[in-house]
Amino acid sequence: METLALDFNLVPRGSLDEIPDEAVEHGEVFTRRWIVEMILDLLDYRSDHDLTAVQLMEPACGGGAFLEVIAQRVSESCRKHDRNIVEALHSVSAFDLLPRNVMAARSRVERVLTDTGWTPDEAAKVAEAWIRRGDYLLEQGPRPAIDVVVGNPPYIRLEDVPDNRTNLYRSLWPTMVGRADIYIGFFEAGLRSLRPGGRLGFICADRWMRNQYGRELRKLVSDGYALDACVTMHDVDAFEEQVAAYPAVTILRRGEQGPAVVADTKREFDESAARELVGWACGDAEGAKSSASYEAARMPHWFSGDDLWPTGSPARLAALEDLTERFTVLGDKQSGVRVGIGIATGADKVFITNESDLVESERLLPLAMVRDTTSGTLTWSGNFLVNPWDEAGRLVDLDQYPRLASWFRQNEAALSGRYVAKKAPDKWYKTIDKVEHGLTARPKLLFPDMKLSSHPVLDEGGFYPHHNLYFITSDVWDLEVLGGLLLSKVAEGFVDAYAVKMRGKTLRFQAQYLRRIPVPRPDEISDELKDALATAFRARDVEAATAAALKVYGLREWPK
């Protein structure tokens, strides 16, 4: 696991006092008690254990929603293990920025402890030791190894935090990149504080799993931690007030990745369903579980790296993981497939024309556009790429092509004003991408960038793809057979799981998502299934393509 030397000397002496907390949007959202109970159960923080020997940290305690339940469990544990509550004086640590929250949380803990039979003095002593005012992300000095980090970190965009505090956060917690929410830093700080085997349980927005600013946190998790459970709760009334937070309960552990429980809940998910789900998740039953208010699956692994984590039902995620384990993805050279993107020019009005005599004929390439693929059969609209590159990948000498030179000179202001031209003024007429010699003549599958469903279209050779088209070439596949696989709902399911969703549920069929699709070796597919896939592709029959693909992948059905 990567280690990070945290230089708390970066935090100026007195920095907490110099940055008034009133200047910060605190992002307070308080959690319902039954949700807290569920998270603590998933963390195995139960009164059956001697909780005086367990180090628990809550980084942002608010008014004490978590601490109330924690205090209850610690009190019960002390009774069961014949300990005095003051023996738990240093077993729990909690922070909050606001004095009123610190007071409210202490009062809540005191009330729980006195209600369970401890003296007011003992309760007050414990509450004061557990909870203190401070910024968890700026706590100076080394932290003890923690067994459990738990809570509901604040929902604040970094642009809403004063610059001086933001700079301190970023310097200490390098996963806070881009337009990160502040909870990213809470995840990193909490994870890095864990002892081996220690666990973190947060209820928090799940956007970091599926957007760019979460990439460094996903990499951190992949490099040294494990996802034990993820319970998506987008429609559940999990908080004391209505918020558009798209939350998930995430349980992470410092250690090697093992099986992972994923669950997706519905609006009806409640306290009773939570207890049932926890009982199943904490057991050893394999496979899937479903009820009226949730679906869950136990996966043998979780997804690695800093790439976006996939979305979908638990059964769908389990199928994705299974196929990825059993087959080679298109992004792997062993698949015998290459995935690429068409040419970006930086000035389409200059480089794309439908006039066949605009410049010398050898400087024109027939260009495939998105609209040419609409019917499912490539129907050329008559556009050409005005090509400034020779077969060796060098810019042509304009003196040898007078009509090309004349056309570019007429548009020199537009071409020279582009960023790509300003970087290399002597190459002012270059396109952003070079033309790849030989690609035009190669057979290829074309994918429009944005589409509601998978839409591979065969170019038998003769056209160069525009930048809104992605292409697939192969020396080992019959492209109609591969096209049938990629037309299927199985292939589409991978793009749907990984791709950013556009308005109206439009999918982005970009190279990074196409490369996620697993395929068998062509020689592993029977002639009968090859014929079925090719026939379905030519007929644009998604249902038939999916039926054949399921047989190829050894699946009975494709999960919803």
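**Entry 1: the largest pocket**

I kept in mind that this is a predicted model. I looked up the largest pocket and found a volume of about 580 Å³. I then checked its lining, which is made of 20 residues. Nearest the centre of this pocket I noted Ala 288, Ala 315, Ala 318, Ala 319 and Pro 559.

Which element gives the largest share of this lining? I found that it is helix 10, with five residues. Strand 9 (287-290), strand 10 (294-299) and helix 10 (314-326) each supply at least two residues. Sorting the lining of the largest pocket by class, I wrote down eleven nonpolar, two polar and seven charged residues.

**Entry 2: the second largest pocket**

Next I turned to the second largest pocket, which has a volume of about 480 Å³. I noted 27 lining residues for it, and the closest to its centre are Thr 232, Asp 264, Thr 311, Gly 312 and Ser 313.

At least two residues each come from strand 6 (225-232), strand 8 (260-265), strand 10, helix 10 and helix 16 (489-498). The classes in the lining of the second largest pocket are ten nonpolar, seven polar and ten charged.

**Entry 3: helix 10 with helix 16**

Helix 10 and helix 16 both turned up in the lining of the second largest pocket, and I looked at how they pack. I reminded myself that two packed helices are described by the angle between their axes and the distance between the axes. For helix 10 and helix 16, the axes come within 11 Å and cross at roughly 110 degrees. Therefore helix 10 is roughly perpendicular to helix 16, since angles of 65 to 115 degrees count that way. I also noted that helix 10 passes helix 16 in a left-handed crossing.

From helix 10, Arg 316, Leu 320, Leu 323 and Thr 324 meet Val 490, Gly 493, Phe 494, Asp 496 and Ala 497 of helix 16. I sorted this contact into five nonpolar, two polar and two charged residues.

**Entry 4: helix 18 with helix 19**

How are helix 18 (residues 527-539) and helix 19 (residues 542-553) set against each other? I found an angle of about 155 degrees, with the axes 8 Å apart. Angles over 145 degrees count as roughly antiparallel, so helix 18 is roughly antiparallel to helix 19. The crossing of helix 18 past helix 19 is left-handed.

On the helix 18 side I listed Leu 529, Ala 532, Leu 533 and Ala 536. Helix 19 brings Ala 544, Ala 545, Ala 548, Ala 549, Lys 551 and Val 552 to the contact. By class, I noted nine nonpolar residues, no polar ones and one charged.

Technical notes:
Residues numbered from 1 in each chain as written. Predicted model: local features only at pLDDT ≥ 70, side-chain atom pairs only at ≥ 80, totals over all residues. Heavy atoms only, no water. Axes fitted to C-alpha atoms, helices over the stretch in contact; angles between N-to-C directions. Helix = DSSP H or I, 4+ residues; strand = E, 2+ residues; numbered from the N terminus. Parallel < 35°, antiparallel > 145°, perpendicular 65-115°, else oblique. Left-handed = near helix turned anticlockwise from the far one by under 90°. Contact = heavy atoms within 4.5 Å. Nonpolar A, V, L, I, M, F, W, Y, C, P; charged D, E, K, R; others polar. 1 Å grid on protein atoms, 1.4 Å probe; cavity = no way out; pocket = protein on both sides within 12 Å on 5 of 7 lines; lining within 4 Å. Points joined across faces, edges and corners; volume = space filled by probe spheres on them.
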